Amino acid sequence: MTKIYSFTVPVEADIVDAFCLMQKGFTDQFAYYAKERPVRCLGLGRCVALPSLEDAECAYEGPVREAAVFFSFNRFDAENPAPADELFSSFPQLRFMLPEIVLLENERGRFLQVNSLGPVYPGRVERFLRLCADAPARTRVTVPYRLEDDSREEWRRAMASASAAIEAGRVQKVVLSRRKRLVAEHPFSSKDLLVNLIDGDARGTVILYRYADVFFCGCTPELLVRKRGQQVESMCLAGTCPAGADEAERAELAAALMADPKNRAEHDYVVRFVREVFNRVCYDVDVPDEPQIMSLEHVQHLHTPAVAHVLEGVNLWDLVGDLHPTPATAGLPVGEAMMLLRSIEAYNRGFYVGTAGFVDAEGDGEFSVALRTGVFDGEVGWVYAGCGIVGASDADAEFDEIDLKLKTVLSAFEGE
């Protein structure tokens with residue numbers, strides 16, 4: 001059993017400004033920042049990493065009791081025998097990581113949390129509080145870059161392999177991805193990209209995991225699962241169209257997406273999967289029959305929310321394992337689709353479309369699917385996006401759809 005001491009105190013500062021000031025002193029960095037709601041955790045340093053939260057005992061100190069926050073970033077296919085690229089390979093295989101410092105913003109306010117394996121030294125808290133109070137307003141930086149194009153012909157060959165597997169009845173759907181290599185004109189930091197994603201036009205949840213000189217980040221629209229007490233939420237996200245140049249075109253494209261049999265079928269695979277999982281481990285399950293439209297900066301998606309109450313004894317990590325990967329990131333049947341991806345895709349996806357999130361010491365938290373993401377070393381990197389392939393899919397249309405999705409992670413390089 002590992003005993004953890006966690007000291008929490010309220011702060012008035014903007015937590016992103018405070019993070020930007022303090023981050024230079026820490027090589028490990030974490031972020032889970034929902035832009036539309038106060039579910040925001042920014043972590044610095046690593047106090048301890050644990051394989052299970054059952055191994056932790058928390059002693060709380062300070063004027064406020066906020067449960068200690070553990071971050072968790074997990075690979076899409078951890079059992080894939082193909083080696084990941086040198087950037088993803090540099091990340092350790094860890095499950096629950098407790099930072100030394102966590103800046104929190106939730107419905108109760110803003111907080112500074114200091115974690116330690118011994119009683120928290122008051123001088124550390126005082127020093128970090130001074131830094132929070134003195135943090136200047138953050139600024140955005142544009143980072144010029146170039147992308148090295150991937151091959152449309154290779155994509156067509158991958159699509160042909162996927163289509164052959166669908167026609168043979170091996171799978172009903174498979175989710176293929178593309179990656180592009182990015183080369184920056186000058187060095188950039190994890191802080192630069194984090195600020196641009198938080199303050200820019202990308203919609204969703206900003207995620208960041210930095211280990212030493214390498215970092216993984218992006219802004220994902222897809223919640224995997226959220227747990228608060230016995231209540232849980234998820235979402236079904238599949239089916240895509242462009243955002244449109246104006247509101248009239250946006251509405252026209254959204255209506256066409258709702259009426260499109262190919263996209264509705266692709267979406268329904270995910271709805272049935274999530275409903276089946278929730279019916280197995282939850283009660284009071286509510287998954288609507290008709291989807292909604294989720295409108296983002298560059299694309300629109302079919303979206304169906306799912307809510308339920310989880311059965312006693314089922315924890316958040318169990319739910320993550322039951323729900324990931326969904327047919328929206330792998331295909332259907334999920335296991336067969338993942339085996340197919342190992343043979344079709346020329347690279348190991350690493351954290352791309354893996355799970356990213358946090359869980360607190362009381363078992364509550366949330367995880368998102370790591371869509372619209374990239375991995376970088378501060379000079380070069382890879383950006384990723386994908387799309388679902390069914391029998392009616394067109395190779396060139398899907399290729400172009402991925403280019404639209406890549407715009408989200410590339411917005412991390414756009415300053416004011």
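Helices (H or I, at least four residues) and strands (E, at least two) are DSSP runs, numbered from the N terminus. This is a predicted model in which local features need pLDDT of at least 70 and side-chain atom pairs count only at pLDDT 80 or more, while totals for chains, interfaces and linings use all residues. Residues are numbered from 1 along each chain as its sequence is written, and side-chain values use heavy atoms, with hydrogens and water left out.

**Loop residue Glu36**
- Glu36 lies in the loop between strand S2 (29-34) and strand S3 (40-44).
- Its relative accessibility is 57%, so Glu36 counts as exposed (over 50%; buried is under 20% and partly exposed in between, with a 1.4 Å probe and protein chains only).
- Leaving aside residues up to four places away in sequence, Glu36 touches Arg203 and Gly204 (contact means heavy atoms within 4.5 Å).
- Glu36 and Gly204 are 168 residues apart in sequence, yet their C-alpha atoms are 7.1 Å apart.

**Packing of H7 and H8**
- Helix H7 (residues 261-281) packs with helix H8 (residues 316-323) at about 145 degrees, the axes being 10 Å apart (axes are lines fitted to C-alpha atoms over the stretch in contact, and angles run from 0 to 180 degrees between N-to-C directions).
- Phe273, Val274, Val277, Phe278, Arg280 and Val281 of H7 make the contact with Leu319, Asp322 and Leu323 of H8.

**Buried face of H8**
- Leu316, Leu319, Val320 and Leu323 of H8 are buried.
- These buried residues fall within an arc of 105 degrees seen down the axis of H8, so they line one face of the helix (the arc is that of the directions from the helix axis to the C-beta atoms).
- The cover over the buried residues of H8 includes H7 and strand S14 (223-228).
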